[in-house]
Amino acid sequence: MDRLVKPNVKDLSLVFTRDQKCRTTFELTNLMHTMPVVVFLDTTSPALLSFTHPFSVIPPLGTMSYTLLSQPLDHPPLSVPTANVLVQSSMLLTRKTDQESLRLVFSKRGPHIFKDATIPVSFVGPQVVEFLLSSRHSKTVDTMFFLTKSVPFCNESSLISLLKSAVLAGNSHFVTFLKNNGANVNHRSKTGESMMSLAIRSGNVDVVRAIVESTFMVDHSLDRFLHDAASMNSVDIMELLCMSYLDIDINSIDSRGQTPLHIASKHGYIEAIDFLVTLGSDPAIVDDNGWTPLHFASSEGHVLAVEFLLNSCSYVKYALTKEGKTAIALAYENDHMELYDMLYLGDVLLRAATINDVNGLKKCLAEGANVNGKDQNGWTALHRAAFKGRVESVQALLDNGARVDLVDDTGCPALHRAIDSGHAQVALLLVAGGARANTKSLIGHMVFDMDSGKSTQHSLVAPLC
């Protein structure tokens with residue numbers, strides 16, 4: 001016979017509770033049919049684990065229950081195992097059964113002492129998982145061991161709480177493990193907040209993917225996932241959401257009537273703005289206060305966002321809020337003078353070039369207007385002046401750095417617009433300023449009457465733009 005007693009467990013799990021004594025129970029059975037057995041319980045970590053009565057007597061074929069206690073700790077020990085319970089036994093050869101008398105039985109080593117079992121002990125439970133999530137040392141321990149051991153000690157509420165913590169921590173490994181072990185990814189808070197919203201807030205695309213792959217159910221009446229992602233400039237997450245949920249509305253509005261594009265514009269997130277507009281987000285949609293995305297970008301002074309939104313939909317610069325304010329008015333209110341040219345001076349310059357208001361044109365340029373700024377059709381002030389035959393304006397623009405090689409949205413430079421409209425003097429001025437007559441192929445030719453200053457056309461004069 002190699003042992004006298006048999007434990008009913010192969011290992012012991014202590015459900016960890018911070019700053020409290022933890023306990024667990026197990027049983028030992030006497031294998032002897034006719035003799036009682038004295039048992040001695042010890043641990044490899046006596047400073048951490050203990051038994052109230054380490055010595056006991058088990059009657060023949062009897063079973064006795066034991067309670068293992070731990071000292072209060074502020075965090076769980078995470079070695080594998082934390083400690084071992086050592087079970088030793090001997091025949092009861094004395095009638096005395098007090099603790100001291102039983103201790104004397106094991107005071108001397110010898111063949112009368114049986115080493116019946118070594119039982120590994122580990123701390124488990126929800127607080128162990130929480131500690132692993134928050135610990136900088138989680139990579140140095142056997143995380144899978146503790147996760148696997150802890151899940152059976154977690155109820156539904158604990159699993160949801162742990163899943164929420166894992167999602168917010170951006171830990172896709174924990175998220176995947178918890179959802180595969182019963183955590184409900186479709187749980188919502190009392191306010192309707194979903195695990196997906198939390199995943200997006202984490203900014204971790206792998207966590208979002210883990211939630212997507214867990215058959216998460218979207219509620220389009222509550223969920224505003226693109227808004228969440230836009231608020232963080234998370235283009236990779238927005239792309240994943242759009243690919244995973246084909247019925248997601250790129251122009252959906254939140255409780256304030258704002259689209260994801262409003263949110264991205266408010267923050268000046270140019271990558272998110274570009275993604276949303278490319279997918280069809282409408283820059284002209286107004287929220288409950290009449291604000292377009294451009295109003296938000298202008299109010300916050302986001303220059304690149306303003307420029308992008310204007311290129312996407314130039315007429316929104318004239319849109320009025322419910323308080324009657326344009327984008328430039330909001331920029332003024334908040335001292336974003338760097339937007340002055342983009343939202344105001346550019347229009348004034350184009351208008352001055354169109355009507356040949358040379359003084360107004362020069363004033364705009366002196367105030368900082370971009371001489372090469374374009375309108376919604378890609379026309380610069382030089383295009384407009386050339387098309388209208390405004391010689392003085394063309395000269396003023398050339399004197400102030402206007403580029404003769406810039407083309408509009410149809411690929412035509414200012415020279416072609418002058419020729420299109422039959423303005424010979426302007427065409428000659430542009431050629432003298434460096435414009436190349438062969439920038440685009442011409443069919444036919446134009447003959448200039450220098451005495452009359454007029455042009456006549458032979459064959460088809462219109463340029464191929």
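Which residues line the second largest pocket? In this predicted model, local features need pLDDT of at least 70 and side-chain atom pairs count only at pLDDT 80 or more, while totals for chains, interfaces and linings use all residues. Residues are numbered from 1 along each chain as its sequence is written, and side-chain values use heavy atoms, with hydrogens and water left out.

The second largest pocket is lined by F40, D42, L86, Q88, F106, K108, R109, G110, I113 and K115. Here a pocket is an open set of points on a 1 Å grid over the protein atoms alone, where a 1.4 Å probe fits, with protein on both sides within 12 Å along at least five of seven lines; lining residues have an atom within 4 Å of a point. Two or more lining residues come from each of β4 (37–43) and β8 (83–91), strands being DSSP runs of E with at least two residues and helices runs of H or I with at least four, numbered from the N terminus. The volume is about 270 Å³, taken as the space filled by probe spheres set on points joined across faces, edges and corners.

Turning to the largest pocket, its volume is about 580 Å³. Among its 20 lining residues, K317, M342, G373, K374 and D375 are the closest to the centre. Helix α15 gives the largest share of this lining, seven residues, and α13 (303–312) supplies at least two.

Finally, M337 sits in the loop between α14 (327–333) and α15 (340–355). This residue counts as partly exposed because its relative accessibility is 45%, between the limits of under 20% for buried and over 50% for exposed (1.4 Å probe, protein chains only).
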